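Hi everyone, thanks for coming.

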Amino acid sequence: RDGKQHALGINPETEIDIGGELAQFDELREYDEARATFQARDDGSGLHAVTIDATRPAKHDRLAIVIGIQHYEDKEVTQAGYVLDDVGLLANALRQRYCIAPERLLILRDADKAKRQQDVESMLKAALAQTHVLIYFEGQAFETGDGKYFLAARDFQTTKPVDSGLPLSWLIDTLENCASQDKLLILDTCQVGTAQKAAAQP
C-alpha cells in the first residue's frame, strides 16, 4: 500500500485458497498469482497475512485426456455408480491445481468405442516433445483368456469383447507413438458385480 515491498508472515490462522478451494501453504507454487489481505502484528514486528487468494494460470505445456465409463448398453456389464463423479473431481483438479488449459483437457464421459478412439488420436496430435501428457481411464476392463485386455466403452458387448472392446494395446501404442517425451497412463479399472463376472476382469 506504500509502494514498497514487505515480508509477509504466515501463521496457522491464515486462510489460504487456490481457485476458491481451501489449501495449505505448502500447496502454493511460485507461479501462482495471489492477492493477500494482511494486518500488522500486535508486537509491531511486521505484517502477517489474514487471507491469501491464489489462482493458477493455465500452462500450455501439458495435455490431459480423462475417460470415464459408467453406463453401458449391455445390461450384463455391472455399472459402478461413482465413475462419472470421479471424472468430474479429477478434471476439476487438473484445471485448478495442474494448470491444464480448458482446450487441452479432453473429457470423455460414457463415450462409445469409435468416438473414444477418434478423439484420443486427434487430441494426441497436439502433443509436442516437451508436452506433459496424461491419460486417465476409469471403468471396466475385460480379459479374453489369451492375455489380451480390452477397455469397455458404452457400447461394449460381453459376447463380443474383441469386436466391441477398445484394445489396451491400442491405447498404449497410441500414447507411445505421440511426440511427447513425458507420458503417464493411469488405469482405474474396477471389478463389480458377481464373482463370476469379476473373474473376467483384471
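Okay, aspartate 74 is buried, with a relative accessible area of 15% (buried means under 20%, exposed over 50%, partly exposed in between, using a 1.4 Å probe and protein chains only). Quick note: this is a predicted model, where local features need pLDDT of at least 70, side-chain atom pairs count only at pLDDT 80 or more, and totals for chains, interfaces and linings use all residues. Residues are numbered from 1 along each chain as its sequence is written, and side-chain values use heavy atoms, with hydrogens and water left out.

Where does aspartate 74 lie? In the loop between strand 6 (62–68) and helix 1 (83–96); helices (H or I, at least four residues) and strands (E, at least two) are DSSP runs, numbered from the N terminus. Leaving aside neighbours within four places in sequence, aspartate 74 is in contact with Phe156, Gln157 and Thr158, contact being heavy atoms within 4.5 Å. A polar atom of the aspartate 74 side chain also lies 2.8 Å from the backbone nitrogen of glutamate 76.

Strand 8 (residues 132–139) is joined to strand 12 by eight bridges, and glycine 139 stands opposite threonine 189 in strand 12.

Methods:
Two strands pair if DSSP finds at least two bridges between them. A polar contact is a pair of N or O atoms within 3.5 Å; within protein, one must be able to donate a hydrogen and the other to accept it, and residues adjacent in sequence count only if both atoms are side-chain atoms.
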